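Hi everyone, thanks for making time for this. I'd like to walk you through one model and what its side chains are doing. Have a look at the picture first, and then we'll go through it together.

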Amino acid sequence: MLNIIEQDKNTARFAECKWTNEKVDLGALETLVKHSELFNYKTKHYYLFPKSGFTKGCIDKANEMGNVSLVEYKNMNKNSGVME
């Protein structure tokens, strides 16, 4: 399920939880970005919350984009839980 958090009229955060036993792949990130294109915000930040981690392709693309936070379930109760 896609969640949208409007920070202000120009900025929004788009998030999605993936509760499967498979690692979240690049396709999930690309779909999240594609869905965000339906909204007219100048600044967008993306969050993915998986049960079972991420593929290398997803991690690499998130690092390349720079506006993506990958938050693993096992780290959600720790400080930030955000992968860097």
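**A walk from the surface to the core**

Ile4 belongs to strand β1, which covers residues 2–8. Its relative accessibility is 37%, so Ile4 counts as partly exposed.

Since the model is predicted, a word on confidence. The chain has a mean pLDDT of 90, and 90% of its residues reach 70 or more. Confidence is lowest in β1, with a mean of 92, and highest in α2, at 98.

Now let's go inside. Which residues touch the most other members of the largest nonpolar core? They are Leu29, Leu48, Cys58 and Leu70, out of 15 residues in that core. At least two residues of this core come from each of β2 (11–18), α1 (26–36), β3 (43–50), α2 (56–65) and β4 (68–70). The largest share is that of α1, with 4 residues.

Next, the aromatics. A search of the whole structure turns up 5 aromatic pairs. Take Trp19 and Tyr73: their ring centres are 5.0 Å apart and their planes stand at 85°, so this pair is edge-to-face. Why does this pair tie together parts that are 54 residues apart in sequence? Because Trp19 sits in the loop between β2 and α1, while Tyr73 sits in the segment after β4. As for accessibility, Trp19 is exposed, with a relative accessible area of 55%, and Tyr73 is partly exposed at 46%.

Tyr47 and Phe49 give us a stacked pair, because their planes are at 10°, with ring centres 6.2 Å apart. Phe49 is partly exposed, at a relative accessible area of 24%. There is also an aromatic cluster, formed by Phe14, Phe39, Tyr41 and Tyr46.

Phe14 leads us to a histidine. His35 and Phe14 are 21 residues apart in sequence, and their C-alpha atoms are 9.0 Å apart in space. His35 is in helix α1 and is partly exposed, with a relative accessible area of 34%.

Last stop, the charges. How many salt bridges does the structure hold? It holds 3.

One of them joins the side chains of Lys18 and Glu16, at 3.1 Å from N to O. Is Glu16 buried or exposed? Its relative accessibility is 10%, so Glu16 counts as buried, since the cut-off for buried is under 20%.

Then we come to helix α2. Lys56 forms a salt bridge with Asp60, where the closest N and O atoms are 2.6 Å apart. These two residues are 4 residues apart in helix α2, about one turn of the helix. Lys56 is exposed at 59% relative accessible area, whereas Asp60 is partly exposed at 34%.

Glu64 and Lys61 also meet in a salt bridge, at 3.2 Å from N to O. Both lie in helix α2, 3 residues apart, again about one turn of the helix. Here Glu64 is exposed, with a relative accessible area of 60%, and Lys61 is partly exposed at 29%.

Key. Residues numbered from 1 in each chain as written. Predicted model: local features only at pLDDT ≥ 70, side-chain atom pairs only at ≥ 80, totals over all residues. Heavy atoms only, no water. Buried < 20%, exposed > 50% of the residue type's maximum accessible area, 1.4 Å probe, protein only. Core = buried A, V, L, I, M, F, W, Y, C linked by side-chain atoms within 4.5 Å. Phe/Tyr/Trp six-rings, centres within 6.5 Å; stacked < 30°, edge-to-face > 60°. pLDDT = per-residue confidence, 0-100. Salt bridge = Lys/Arg side-chain N within 4 Å of Asp/Glu carboxyl O.
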